[in-house]
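This report looks at one helix and at a set of charged side-chain pairs. Please have the sequence and the model open while reading.

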Amino acid sequence: MEREKIIRAVFVAVVALTMIGTIWYSYSFASRPDLNDYIGDEVWYVPASRNILHRLGVDVFYIHNGSYGVNVVFSNTSAKIKNLAMTDWVAGINDARYRMEYREFPGVYYEIPAENYEDFLQRLKSDLPDGSYDVIPGFRYPDKENIQNYLNTEHPFMGKDIIMLSMLLLGDRPIAWRIPGIIAFALIELAVVLATYRISKSYLASLIALLFVAADPTLQATAVTAMLDIHVAFFVALFVLAIVYERKLSSAVLLGLAGATKLSGAFGWPVLLWKSLKSENSFVRFFSAVVVIPGIAFLVPELPAIKAMGFERWLNEFLGSFKWHLSYKGANPNTSPFWEWFINYRPFPFHFNPNVFASTDPVLLMGMVVMILALPWVYRKKPGVSEPFFIFWSTVGLFALQYFLGGKTQFSFYATVLVPPAAVSMGVFLNEVIRWEAFRESLALYKIKVLAAASFAWKKLRPSESSGQE
């Protein structure tokens, strides 16, 4: 009993230290001065989050060296031509410390000393015609066409809700956008460990799964980038955990939240359908479990966007997003179809110098291919492994369906969602398939050989030491 307590304590300590190390390392990297700007697809998701908040009448702030960042966006190019000089003059008399004029849309960014900020706003209001401009406080925009109006309706809004919340709590700055993803990475580790232990009742299997997650380059890259994929992986990890623990309501809710972050998060739905068919005798409860509850969980995170856009526009753009997902977006040197993820053929670059690439883990993904052959044998010993295993392959299958229906523009970072179910599956598989006795006996043999060699060396050295003393 005492030995079991010690082993459990060591196991808990390893998991906790891994999570702490993950947060520390990811935060240290994400907060580097040379990453204090948009990286990867942050150029789309962060402005969309800022724009939704602004439409809701909620402003967020960026403070740099005692100055507020502020975007002055003109109604059109003509309004910019007429009013830019006056705007610059107002900024100048308020001691603007930085100015950047946008080229791809009619706007200009300033950093105004905090003590002059209110005067700057008042003078703009008195000196510029009503309706000719809008003030959007916060970090500067990427210089992209129409970015000031972009809402990223191609994807659902749960991930952007999380980014918005971080902006509200921590400010509109790069590290604040990324902190939720960093925390999600550590929580994915915990969810994977708990799910693996539930299936295997093995600390070793759980640690193998933890190693796959902590070392996964896709998770590492997306965790330090304010994108949707790390949050999709987080909700998928929780969905796997709920499925493994036989939590019907939680499974349905978490699948809905995963889909509300990015539609690929709902690609594990066939497993929920299969589980519900086996366990529900009533059609009403079955339909609620596979449609109604996930649907409600999907819709709730959409409410801020519905409020900002209006229901009719939101619905039209949501339905239109399916056509977008099933369309070819044109040639792209970084395109990586789903089968290339298994061999890490074309990692997606988020940033150069420092390099942030969404590389996949071929050992993990190819391991899931190999383990198809071992599933019947492992299933007899650990039946719970089938659920994360089929969540993985259901997700791959629906990515394949998307590709063959026309959505051929896929990228390596889409594979982030595959990591949690794969890590759980591989932790259980490797613990069952590998003969650990071979390692234990080999280590014991190495120990004997090392001790024998040390003893031999000691005996050889002693006479020379004695003769030296004489």
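The model is predicted.

**Salt bridges**

Side chains of opposite charge can pair when their charged atoms come close. In this model the count comes to 18 salt bridges.

| Pair | N to O distance |
|---|---|
| Arg 50 and Asp 172 | 2.6 Å |
| Arg 99 and Asp 88 | 2.9 Å |
| Glu 246 and Lys 275 | 2.9 Å |

Arg 50 and Asp 172 meet through their side chains in a salt bridge of 2.6 Å. This pair links distant parts of the chain, 122 residues apart: Arg 50 belongs to helix α2 (residues 42-55), while Asp 172 sits in the loop between α5 (158-170) and α6 (174-200). Buried means under 20% relative accessible area. Arg 50 has 1% relative accessibility and therefore counts as buried. Asp 172, at 0%, counts as buried too.

The side chains of Arg 99 and Asp 88 form a salt bridge at 2.9 Å. Here Arg 99 lies in strand β3 (residues 98-101) and Asp 88 in helix α3 (residues 77-93), 11 residues apart. Arg 99 counts as partly exposed because its relative accessibility is 38%. Asp 88 is partly exposed as well, with a relative accessible area of 24%.

Glu 246 pairs with Lys 275, their closest N and O atoms being 2.9 Å apart.

**Helix α14**

Helix α14 runs over residues 311-325 and has 15 residues. At 1.5 Å a residue these should span 21 Å, and the end C-alpha atoms are 21 Å apart, so the two values agree. Which residues of α14 are buried? They are Trp 314, Phe 318, Ser 321 and His 325. These buried residues pack against three helices: α12 (283-299), α13 (303-309) and α17 (386-404).

Conventions. Residues numbered from 1 in each chain as written. Predicted model: local features only at pLDDT ≥ 70, side-chain atom pairs only at ≥ 80, totals over all residues. Heavy atoms only, no water. Helix = DSSP H or I, 4+ residues; strand = E, 2+ residues; numbered from the N terminus. Expected span 1.5 Å × (residues − 1). Buried < 20%, exposed > 50% of the residue type's maximum accessible area, 1.4 Å probe, protein only. Contact = heavy atoms within 4.5 Å. Salt bridge = Lys/Arg side-chain N within 4 Å of Asp/Glu carboxyl O.
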